[in-house]
Amino acid sequence: MSKWPLGVFASIDAGLGVNLDVAHELQVPTIHLHAPQKSSRTPERAEEFLKQLADRGIEISCVFAGFEGESYADIPTVTATVGLVPADTRTARVSELKEIADFAKLLGVTAVGLHVGFVPHDTTSAMYQEVLAVTRDVCKYLKANDQNLHLETGQEPAETLLAFLKDTGCDNLFINFDPANMILYGCGEPLPALEILGDYVRSIHCKDGTWSDKPGETWGCEVPLGQGDVNMAAYLQTLDKIGYTGPLTIEREIPQEPERQKAEIGQALQLLNDLKQGATA
Ligand code: MG
């Protein structure tokens, strides 16, 4: 595949991102797929999905796990509900994550993405050790599937995440870099973070956002690509600098406004196409 193929975050049934038909109308060659619900994660459905994708000329570059009960309503709610950190749901979610990985394998996908949740910043805490243990368990399972785990960035500063990646000792643990999340969660300037994490970046989101006036306490604001504080031209230059050549996957989470979502993704594709030409000229 050529450098930086364009993509969008998409889903086959209920889930984050745009519907597969919208991805097709937008003429993107790649998607990050939000994992379908359990009833759809069967070998028969995998074959159907693969046919739909082949008919549309679309490849899945990463399957993202999500879990019932997760809410991104505000930062404290994310802490309490998202990923493998919340203790109450951890065991069930680890099982489901492994099922999602098996489904991704049926689709021929070798990267599984995940918001692991807020990694505790205190590395001496019991919770930090628990999150290390659960991540190692998942990575071991994925390794047997010849798959890698891509952690979504944003919920911790780059240095904290880098230390965590090294502490796991897992050689199939990488990063899905989302520059807007760094801003939305108030976890540091995204482009220096991208350079710090560069060796681990194996997939990325193209998303934009503006800083909160209380970074880390309240959300910043997700905005259309190019209208936020990321600086998309500099983002692409930094991706080039770290040697990233994989898909540029647009994420725009306004499912309540599908027409606007599609229009804004269309504009984002145009922006990225223009910038790609500039960045590689
Ligand atoms: Mg993202």
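Predicted model: local features only at pLDDT ≥ 70, side-chain atom pairs only at ≥ 80, totals over all residues.
Residues are numbered from 1 along each chain as its sequence is written, and side-chain values use heavy atoms, with hydrogens and water left out.

Now to the aromatic rings. Rings of Phe, Tyr and Trp (its six-membered ring) pair if their centres lie within 6.5 Å; planes under 30 degrees apart count as stacked, over 60 as edge-to-face and the rest as tilted. By this rule there are six aromatic pairs. In one of them, the ring centres of Phe118 and Tyr185 are 5.9 Å apart and the planes stand at 75 degrees, so this pair is edge-to-face. Phe118 sits in the loop between β5 (111–114) and α5 (126–144), and Tyr185 in the loop between α7 (179–184) and α8 (190–197), so the pair ties together parts 67 residues apart in sequence. These helices (H or I, at least four residues) and strands (E, at least two) are DSSP runs, numbered from the N terminus. Both Phe118 and Tyr185 are buried.

Phe177 and Tyr235 also form a pair, this one tilted, with 6.3 Å from centre to centre and 35 degrees between the planes. Phe177 belongs to strand β7 (residues 173–177) and Tyr235 to helix α9 (residues 232–241), 58 residues apart, and their pair links these distant parts of the chain. Ring pairs also join Phe118, Tyr185 and Trp219 into a cluster.

How do two helices meet? The axes of α4 (residues 87–106) and α5 come within 10 Å and cross at roughly 25 degrees; axes are lines fitted to C-alpha atoms, for helices over the stretch in contact, and angles run from 0 to 180 degrees between N-to-C directions. That makes α4 roughly parallel to α5, since angles under 35 degrees count as roughly parallel, over 145 as roughly antiparallel, 65 to 115 as roughly perpendicular and the rest as oblique. The residues that meet (contact means heavy atoms within 4.5 Å) include Arg90 and Val94 in α4, and Met127 and Glu130 in α5.

Technical notes: Buried < 20%, exposed > 50% of the residue type's maximum accessible area, 1.4 Å probe, protein only.
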